[in-house]
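Have the viewer open and follow along.

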Amino acid sequence: GYHYPPLDYCVSGISTTATIKLTNGVAIGIYGSKGFVLNSSSKFISEGSPARMNRLVRYYSVQEDPTTHWGASPLGGLLEMGSSGHEIRFRFTEVSLPSATPNARTFLSGFGSQYNTVVPLAVSDSHLRGLSQSFGTFQIVSTIALTNNIFERCAISFQQGFTGYYTYADINLYVYNNLFVGGAIGFTYNNYYTSWMVKDNLFDCDAIGTGTYSVSASNNGYRSGLSSLGGSSNVVGIVPDY
């Protein structure tokens, strides 16, 4: 009969000020309200390989049992920012979150204080499924770099600049050579203080949202029915056939 691939470790609420590094195709299951809590100057680095991708999942993606729930219900992310001074890097890593409430689908949480800082957040050559993630209010994330990833059924928004009551953080955003399949992605860019580059991507998602000012975009592909982010050398009206 069928069985799921095994998890190597299951963790919940691990608070650290050290560097945590995942490698060699390790599979980590997160249970309880949150996974790893990153405190002062801590780093979280996940680097697998093309043939042995690391995996970071909610534990019930593997251990299905509707009558049992380990620990508290998910309230935080797989990773949670504590005090400032973090570095988060993912490469050749799969993050898979099943359909659930936004809390259970959060990748990175802990933005309650404007002093929480990630320098930088970089994700490349990875596959991310089912994420619900907003980068905005009271966050100070100096650089977000997303390169050569697949985002599948994700709801992701980036917000920056003054928009009435809230002042959003200044973020340098670089989005290159990604595939967005299903879900929605939003770019709310309301000032000119930092660089936002969105190039060489294929948007096969359900919706794209934009803010007041133009994002620097070009060479992107858009599924039929989606609005373009503008710029040159785009291809629109695509009906993808993978």
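What follows covers the ground rules, the sheet, the pocket and the cavities.

## Ground rules

This is a predicted model, where local features need pLDDT of at least 70, side-chain atom pairs count only at pLDDT 80 or more, and totals for chains, interfaces and linings use all residues. Numbering starts from 1 along each chain as its sequence is written, and side-chain values use heavy atoms, with hydrogens and water left out.

Ten strands make an open, parallel sheet, in the order 1-4-7-10-13-17-21-24-27-28. At the edges sit strand 1 (9–11) and strand 28 (235–238), each pairing on one side only. From one strand to the next, the twist averages 10 degrees. (Strands are DSSP runs of E, at least two residues, numbered from the N terminus; two of them pair if DSSP finds at least two bridges between them; angles run from 0 to 180 degrees between N-to-C directions of lines fitted to C-alpha atoms.)

Leu202 has Gly221 of strand 27 as its bridge partner.

## The largest pocket

The largest pocket holds about 280 Å³ of space. It has 15 lining residues, and the closest to its centre are Pro5, Pro6, Ala27, Arg55 and Val62. Strand 7 (54–58) and strand 10 (93–96) each supply at least two residues of this lining. By class, the lining has nine nonpolar, three polar and three charged residues.

On the terms: with a 1 Å grid over the protein atoms alone, a pocket is an open set of points with protein on both sides within 12 Å along at least five of seven lines, a cavity is a set where a 1.4 Å probe fits but cannot get out, and lining residues have an atom within 4 Å of a point. A volume is the space filled by probe spheres set on the points. Ala, Val, Leu, Ile, Met, Phe, Trp, Tyr, Cys and Pro count as nonpolar, Asp, Glu, Lys and Arg as charged, and the others, Gly among them, as polar.

## The cavities

How many cavities of 30 Å³ or more are there? The count is two. The largest cavity has a volume of about 90 Å³, and its lining includes Phe107, Leu121, Phe135 and Phe158. Strand 12 (117–124), strand 14 (132–135) and strand 18 (155–163) give two or more residues each to that lining, which divides into ten nonpolar, one polar and no charged.

The second largest cavity contains about 50 Å³ of space. Among its lining residues are Cys154, Phe180, Ile185 and Cys205, and the lining has seven nonpolar, two polar and no charged residues.

Methods. Helices (H or I, at least four residues) and strands (E, at least two) are DSSP runs, numbered from the N terminus.
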